[in-house]
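Here's a quick briefing to read with the structure open beside you. Take it one topic at a time and find each residue as you go.

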Amino acid sequence: MRWYYKLPLRLRSLFRKDKAELDLSDELQFHLQNQIDEYVAQGMDPQEARHGAFRLLGGVEQVKEECRDAREVNFIDNFLQDGRFGLRMLRRSPVFALVACVTLALGIGATTSIFSVVRAVIFAPLPFRQPENLVHVWGSEGPPGQHYRRGDQAFFSSARPADLYDWRTQNQSFERISAYRKRSMLLTGGKEADLVDGQEVFDEFFEMLGSPAQLGRGLQASDYEPDGAHVVVISNRMWVQRLGSNPEVVGARISLDQESYQIVGVMPANFYPTPWGYPEFWIPHWANQGEKSDRKSWGLIPLARLKPGVTWEEAQIQFDVISARLIEDHPDDSLSAIVVPMDAQLIGSSWKLLLLLSGGVTLLLLIAFVNFANLLLTQVFDRQTEFAIRKGLGASRARIAFQLFIENLVLSLVAGTLGFGLAFAQTKVMLGNLPQSANLPRLETVRIDFPLLAFVCGICLVASMLCSFTALKNSGDRSGLALQIQGRGLSSGSRKRRLGQAFIMSEFVFSLVLLILGVLLVQSFVRLRRVDPGFDASNLLTFRVQVPAVSYGTFSYGAKHPRRERLYEQLERIIAAVPGVDSVAMSALLPLRHEINPSPVVIPGRELPPTGRSGSARSASTIQTQTGIERVNPRYFSALRLKLVRGRFLEERDGPEAPMVAVVNEAFVKAFFPGENPIGKQVSVWYGKPVIVGVVADFKLNGLDRNALPEMFWSLRQDPWSDVWVMARTKSDPALISTAIPKSIHNFDPDLPVREMSSMAEVISESLWLKRIAAVLIGLVAALAIVLAGTGIYSIVSYSVSQRTREVGIRVALGATQRDVLGLILGETWRLALVGCTVGCFAAFVVGRLVTSQSYIAPSVASSLAPEKMNPLTFVFSSMFLCGLALAASLVPARRALRVDPMQALRHE
Amino acid sequence: MAKPTDLVQGTLDLLVLKTLALQPMHGWGIAQRIRQVSKDVLQVNQGALYPALHRLEQQGWIRAKWGESENNRRAKYYSLTPDGAKYLRQEQAQWKRLSSAIGLVLEIS
């Protein structure tokens, strides 16, 4: 190419501009001189020859300009010139620039930080090969298509080895089906023994997921040979946090449950096969002989990969057929299968909250846009004279548009930079404030997305360009006349007015929707904070004691565990002996922190209540046929200060050898023994057949916003759980003894990890995290929106007033009273406000309905937005508030209009 | 004398390049030469000449150097680059084809 000629020329044009200009004029001068000489030689007098030469060339400056164009110098030059000019204009109106930038930056910041979370949690692809083909397979007792239901939530159960083998051999929809089981093992050899959570996985697990290991390999078929070598695959977290990111880790050995395991691989940080917890290791499950008919060992969670082209719905249909057959073969302990796509399972209900937040910040961004656009437009209208002059001097429309574009580019860049800083800070604060129990998957992977930021800035740029061009178009046709008629109009142009009106309306609608949603969420949060949990939550220190299988035996449901049973009794005594402890409650699950899984209730001698067997299979029955089971120690009821309604509470005499007994709550009685005395009745639930000995008053177990559900309390002495939660009632502030208790447990058995210690008050406040975060974030967004909308409305109205000074002056001169003038200015805002309120209320209602209508609902978000709770007063007060704001915002400029002196206004020019 | 023919759009470049192929020349000289060679038929629009020269230079067909003119004035001399020579040959061939084709069409009638 000829770049070696071109490049020096370009560079010269750019950097040695003076020299290039001098050369150009020298060159033309030489030409003119020659022409003059020629004319003189032909006998013209020198003066005439000079004029002739200029005439022939056709204007030295024009030729120069054309030469510059030919050199393509002008483009860069104009760009720089416009940029400088634009910056100068912005410097001249710094308030405008500041307001525009801050407005946009707020919108960009909020949007970017929320969208970056949305992207990481929802849209980032799962770290598996073809993740769309992966499904979870859950169990459900009873006929196919019938779900466990508790209140408004569907529940699924785990499976047993026999189910996995049945499904594996019979269902043809799957390429592979495997399963995992949670496994806590004691890791020794480090500084201190620690119980770590991992998974024991069935064969083909890693082949099915198909994600490459970060180091080494995943488990493979040879690892599942019975009595083979002990091997383990560890997570990135264990590798980094416990093994110091040692690159030579593959082949090293770690000790789990006092046996040596060889590390064969490290999985990457985003390898997240399950929606809860974060497994630190994976060990192969060695199949044993009786496993194929093992219908007792619950806790298996099957995962499967669909064959290419098979949908999960088709797999479900096939499962329904298989399940019906299996029920005939094993009428007493069959399990139906429910297929849930992997992404739905992993993301769960969190998208609901994120959808709400995304919607909120989008509205905020729209308000910011409207404000920004309004500022730009008023600027452009104000500068019509300037544009007219520049046009008159020969600037092309494109050139003026380009200049506006440059100004907007500068604004957008500044706003984008500010917004980026805001987004960064916001995301950090937001993620830092999430409680541990927050069930948002993949939060670790949240990054402030540069592409996203660029995208949002791009939108801003396009929007501002559109504004400028609209303004130019509106003014363009008349710009020739603008010089003459500027300011002479009686009132501002109708087009401008309509634009302003549209702006006011949209600000009204957007901010009203946000305000109403915010108020509803805050209301429900505040209401929940006042809900009485039904037990005494003050001075309760809660923590979890994990029980290593290696020292206390492997846990399985419904089996006898004498060692655990003794352990819990001893623990109770040890904790109660710590000075400051009043009494000790123990339970398998912590109230208000865990959802209690339900099990079906069978009452001997009574038909099962009809369930949703007929009709559509998916809409499971709402008839309560299940109860939650909670294992508690006998002191539980007195330590939590629960109220006895009937019979007696559990007592120490209900030991392992005594007949199995249970206490039920009032909701249980209402569901299964309405109008009857349940005391002395025997029921069959899961693997137990207890006799009911007492009824306890309902209290909140599953969530402050949930109604009481049927619950049953078994004794930890009779059915010891795998590990245990302790609630120690203290005499004073629970924080005071938070070190003494772990110490005494450590003295008893150093290998008993004490985890997740916090006060009950904290547990309760954490249980509301979703509500709190929704209320706080949407509340903040709404507050921001109101401020932005207020300033926006103010600036629009005050601009329109300043444009109508003449009109007001004439009206006053013709005898309009102050009232008339006020009415003129306020009336317009008032009309817009009324329309805006109507539209906004309607929109808020629709949005509320939309947020609650879907089937995958985060119950705690949904219930606060449920239509029946959409308090009409909230709508009325929010609307009134915004109307007041709008009127206040337009009152200031309206008063300015009142002070207009007619004589001055008429002379105003 | 007939009115000098206006140059067909685009042919100015060709004429300039052809003139420069003979020897390096300044703008004034190019205009004079074209007029002389065409026996006053072709009158170069002086206003268009210089932008054309700058454009050709920008495209790398010609390059410029300052030198002394015949009457001892400082003048900007343009000369053809090798690329420009190649380009000229192409354009010339193109022009010949075009003009002979037009000639043929005009002969027929």
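**A quick tour**

Asp40(B) is partly exposed, because its relative accessible area of 36% falls between the cut-offs of 20% for buried and 50% for exposed. Keep in mind that you're looking at a predicted model.

**Salt bridges**

- Asp40(B) has a partner: its side chain meets that of Arg35(B) in a salt bridge, at 3.4 Å from N to O.
- Arg35(B) is partly exposed too, with a relative accessible area of 25%.
- Over in chain A, a network made of salt bridges with shared partners takes in Arg160(A), Asp163(A), Asp166(A) and Arg295(A).
- Zoom in on one pair there: Asp163(A) and Arg295(A) form a salt bridge, and their closest N and O atoms are 3.8 Å apart.
- That pair ties together distant parts of the chain, since Asp163(A) sits in helix α7 (residues 161-170) of chain A, while Arg295(A) is in the loop between β10 (281-284) and β11 (300-306), 132 residues apart.
- Are Asp163(A) and Arg295(A) buried or exposed? Both of them are buried.
- Now try Glu676(A) and Lys681(A), another salt bridge, where the closest N and O atoms lie 3.4 Å apart.
- Glu676(A) is partly exposed, at 33% relative accessible area, and Lys681(A) is partly exposed as well, at 29%.
- If you searched the whole structure, you'd find 29 salt bridges over all chains.

- Leu98(A), Val102(A), Val414(A) and Leu418(A) make a nonpolar surface patch of about 330 Å².
- Which helices supply at least two residues each to this patch? They are α6 (94-123) and α14 (397-432) of chain A.
- Val414(A) belongs to helix α14 of chain A.
- With a relative accessible area of 38%, Val414(A) is partly exposed, so it clears the cut-off of over 30% that a patch residue needs.

- Chain B has an open sheet of three strands, in the order β1-β3-β2, and the pairing is antiparallel.
- β1(B) runs antiparallel to β3 (residues 74-80) of chain B, and two bridges join them.
- To spot this pairing, look for His26(B), which stands opposite Tyr77(B) in β3(B).

Key:
Residues numbered from 1 in each chain as written. Chains lettered and ligands numbered in written order. Predicted model: local features only at pLDDT ≥ 70, side-chain atom pairs only at ≥ 80, totals over all residues. Heavy atoms only, no water. Pairing = 2+ DSSP bridges. Helix = DSSP H or I, 4+ residues; strand = E, 2+ residues; numbered from the N terminus. Salt bridge = Lys/Arg side-chain N within 4 Å of Asp/Glu carboxyl O. Buried < 20%, exposed > 50% of the residue type's maximum accessible area, 1.4 Å probe, protein only. Patch = residues over 30% accessible without salt bridge, like charges linked within 9 Å, V, L, I, M, F, W, Y side chains within 5 Å. Areas by Shrake-Rupley, 256 points an atom, 1.4 Å probe, with all protein chains shown as cover.
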